[in-house]
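Please keep the structure open while reading.

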Amino acid sequence: MNKHQRKVIAIALVVVAAAALAVFLLTAKKELTVRMLYATHGDEYDPAAFSHLSQSLVANLDLERKSLNDVNARKLTDYDTVYLDPSLHGTLTDPQRKLLQEFVAQGGHLFLENSFAGGDFPLDFLGASQVVDVPPPARKARSGGELNEPSPLQYPTVEYNLQGVQQLLQQFADGYFRHDTENTLGRFSWGKGIVPSTAEPVATLNGVALYTLNRIGKGTVFFSGTLLPNRSYLTGFDLSSGMDPTLGFAKLAAEANAAQKPVPGALYFDRNQLPLEPYFHFTFATGSALFRSAYVSFVSKETLGYSVTKVLGPYGRPAMGHQNHFEALEAIRDGEGIQWAELLKKYKQVPSFSLVRSSFTWGRWQESVAVHLNTGTNAKPTFAGETPNSFYSSGTRLMSQDGPIRLANYPEYKSLGDPITLPYRAYPALADITGDGRADLVVGSGDGKVYLYRGLAQAAAELYAGQQLPPAGGPAPAAFGQREPVHLASGAPLAVGQYASIAAYDVNADGRPDLLVGRPDGTLAVAYGEAGGVFAPPAPLMAGGQLVRAAAPVAAAVGDVTGDAVPDLVVGDGGGAVTVYRGERSAAGALAWGAGSTIVQLPARFAAPSIRDMDGDGRADLVVGSLEGDLRIYLQQVGAGGASTWRDAGVIEAATVNQLGNHALVGGHNAVPFWADLNGDGKDDLIVGQLEFGIPSNIDDPTFPYKEQLDEFIQYNKTHQLELYPHLFVHNFTSDAQEKQEIALHQQAFAKLGIPWGMTGTNQHTWRINNPDRAQTLNNERDASIWFNFGFKPSDIKNEPRLGIEYNWGMPFLMADASGAPDLKRPMLLSTPAPVLRTEAKYSTEDLFSEYTALDLPIDYFEHIEYHFPANVQPLLEFVRYLDKLRTEYGYNFMSEPQMARSYMNTLTTKVSLYRPWRDVLIDHLRKALGRTVEPSFRVQPLTAGVPAQAAEYKGTLGLMIEPGQPYAEKQAVAAQAEVRDRRGDKLYVGVPSETTIRFVSPEHAAYSDSLLHITRSNVPYELLTEAKTWSLQLRAPGMQQVQLYSPQPLTIQGPDISVERDEAKQTYTVTHFGEPVTLTITHP
């Protein structure tokens, strides 16, 4: 090769290299990420912290989980920051410690949770002269829910980049301390604090630094206190991780459980009697997740000069909406759902209705009769307990031609868990009253009357079509005729004043059944049967020459208890005692009874006895109902001398588990047992009179009492493009199979009524999910295509959503598995309603809403709207107007709850690429070298390929918040080409449906950009077409569409049925439309 050839080759190589460089500069990107190592101890780690970071709202966080054992010095240089999992506490080796110290000195950032103050690192690495124990703040509990004293923490001035971390901590601490009326924070360990040497305090308590930042070389060490991130409760997005019970919960639970006392009259319904167990804490979960994200934002400001955060709402403004559980029978009857929707229209808001499968009346307890069909044998009867349509009760409702047998209402409003004190109960008996050879049902009532339901000549299985009978495919029980009074021979109804109990038996041996009736004064009377199914006036009943008298109300049963073939009289009284009066029979066969003796004392009031051999030994035993609703068995034992004793053998149990987690067969209060073969299979069934809660009615039952009004409500929602979704009922101990069945039945009900199910959401009726398995209910729901649940009580928690401190802060998140990662193939999005609005100063929650708006947290406001229209609307208007004020002042997007969920799904699953083209980097360097002004910039590219289908039309509606760090503190971010943008203080909110360029410019340049016509918010996906001075803005989702535009100049806005509101002070136009998607035509100067 000659010299010329070598020269040609050299030139060619230079040209190729130059071309390659040019291509590189034109196409290559400098990725702008915050690279975090979540360092673990081998495979051991805490899913809570990892789940928070993996769903961080910091848009450019690049998170990797790896064992610290697998990381060397070279690998560590790939990361900007390291978060040490708590499992590494006490396990660090000297080489690992040195590795982390060198990482920080060379510019890395290290986050240390509080446990790492316990000797894992030298004091100078923490910037401490001393590590000390932090005593809990000394504070008093406040009675009656009054607000407590402000936070005792102090917040020294900190450097610019740390202000976001400090502000979040202060907002959380101030709100939590103020609303911690029971001083729960004083019962937990506050861990370690430090006396700073070189560390910068972020928050202190009594002169001890709880949070600090220590600068070492080019890097930092952040030391954290115990308030946030919090480990006193469960906070992981798997609902099961994040707690260190040694910090105080174990002791707190032991004390609380030891002090727990049963509440008479609520033994099986008051959920507050359940033991205190670890539970997921929405407020600490949200605070901890936001705190970890705030730290990542700090690192971003340190390494990039700014932070970029996703916003939980479309196009950069947070979401706001209503959550309305629609469940009350009277609300359906009165059309309150429609009235609520029409009221909201006046305030440019929309409802979000979830609909129950079985509607009921609030606070109503009503006498009813149930039958528990015997699925075992006569020797060993067994009972299913709860059936799919039991809801708050158990068994099968005994049916008449009037519907389920129901009698008097309890005279006071009582919620499900409230104690019952009065002996309202249906008191059933079977006898051929009418003389037609068929058993009639006679029922005494708390209203003092006795009612007759005639036996039907033919089976009426169709009356049970709305119930699922055990065993499947078995015969239906007998049904009865319409209710009518039992009459005296005079034609007057048989009545005793109140609390009528009855027993049917032919006392005078004339071949007709007589009625033994309990009277309000504690005596028994007998009404002798006469021809034609009428009765003589009740006469006092004597035994042993004395009136039969006991503590009222008294209740009788007749049967051979003593084994002498003569029926005895068994009487239960109001104090819970059961007395036996030995039977005597005259030569004519008439019954009389001798003196009585008390044989058992129940642990509850209102004893109602029945007689049956329960253990197959040939001797009669007792099954006794009581106030609590259970059925207690007393087995008769005969000693060597022939004397009987009675052994308490516990209560009758069911196959299912009841609402408080045991197998006691309970359907309500004031249980009255009675035994008869009702379905003709030759086995004794258990009939129970009781006081039942709610008396629910299935919405898809052909006999639903307000079918026309329900259909009107459903059609209204369809016409107005409002989505109905299921309001599901399970209780804390519903089995996995029962839950699946209940969800399937709800789905079937929606199908019958023409309500779409598809991919839907839910919230829980009575808020409850399964306790033993925290994920069971939610997993069953997502198996049924339910993908969001914004209203539930986490397992084992005491307080209800919006009412307890555990719900003061809430934000949506994707339920994680045991690894801390969400399952995006079967996503389940979870959240909780915002706190209830209280405006009275000593109970006010307005400070919490101020925290929500300061943090751009979405607001999902729950309130029951039933029983408000038309006369009690004012309480609703209070929060409607308050939300309207927040929307106006803070630029929230008002949406339906399903729209909110779709927007959240898009936000949480859209990946974001932040980058700078290398050519821009080079150009900026050249401009600097030439002394010219540089406006630093970066580009944002949303990556939506991994967004699940559940985001639907909201896919591609991502919004971001850009906040400058110290390097750009004198500049402001602009996105001049972005169609949706809004500046609030030093933060820029911008919609990024596609690639967007962000620049940091002078305040003057930013002011000019802000003065141009632009959209500030849109609650629905849109498409904008611009031509000259005309915009065509297509709002592309049904329901309510609302968009706000900024324009200093007057605009002409046209569209069908739109409302346009001009705010001259803010120079905005707010346009609202209800119904189908709409196109706006906007003309500007």
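The model is predicted. Its protein chain is divided into domain 1 (1-30), domain 2 (32-310), domain 3 (319-361 + 698-816 + 823-904), domain 4 (365-410 + 424-600 + 617-651 + 676-693) and domain 5 (1020-1084).

**Domain 2 against domain 4**

How far apart do the C-alpha centres of domain 2 and domain 4 lie? The separation is 62 Å. Seven residues from domain 2 and six residues from domain 4 make the contact. Between them, the two domains bury about 450 Å². Of that area, 59% is on carbon and sulfur atoms. On the domain 2 side, Gly265, Tyr268 and Phe269 supply 80% of the area buried against domain 4.

| Helix pair | Axes come within | Crossing angle |
|---|---|---|
| α6 (residues 163-179) and α8 (residues 282-303) | 9 Å | roughly 165° |
| α6 and α14 (residues 846-854) | 10 Å | roughly 160° |

Take α8 to begin with. The axes of α6 and α8 cross at roughly 165°. Angles over 145 degrees count as roughly antiparallel, so α6 is roughly antiparallel to α8. The crossing of α6 and α8 is left-handed. From α6, the contact takes Val165, Leu168, Leu169, Phe172 and Tyr176. They meet Thr283, Phe284, Gly287, Leu290, Phe291, Ala294, Tyr295 and Phe298 in α8. By class, the contact of α6 with α8 has 11 nonpolar residues, two polar residues and no charged ones.

Now α14. The axes of α6 and α14 cross at roughly 160°. That angle makes α6 roughly antiparallel to α14. This crossing, of α6 and α14, is left-handed. Gln171, Gly175, Arg178 and His179 of α6 make the contact with Asp847, Leu848, Glu851 and Ala854 of α14. What is the class make-up of the contact of α6 with α14? It has two nonpolar, three polar and three charged residues.

**Glycine 956**

Where does glycine 956 lie? It is in the loop between β50 (937-943) and β51 (959-964). Leaving out residues up to four places away in sequence, glycine 956 touches Tyr315, Asn906, Thr944 and Pro993. Alanine 588 is 368 residues from glycine 956 along the chain. The C-alpha atoms of glycine 956 and alanine 588 are separated by 92 Å.

Terms used:
Residues numbered from 1 in each chain as written. Predicted model: local features only at pLDDT ≥ 70, side-chain atom pairs only at ≥ 80, totals over all residues. Heavy atoms only, no water. Axes fitted to C-alpha atoms, helices over the stretch in contact; angles between N-to-C directions. Helix = DSSP H or I, 4+ residues; strand = E, 2+ residues; numbered from the N terminus. Parallel < 35°, antiparallel > 145°, perpendicular 65-115°, else oblique. Left-handed = near helix turned anticlockwise from the far one by under 90°. Contact = heavy atoms within 4.5 Å. Nonpolar A, V, L, I, M, F, W, Y, C, P; charged D, E, K, R; others polar. Domains from an automatic or database assignment. Buried area = accessible area lost by both parts, 1.4 Å probe.
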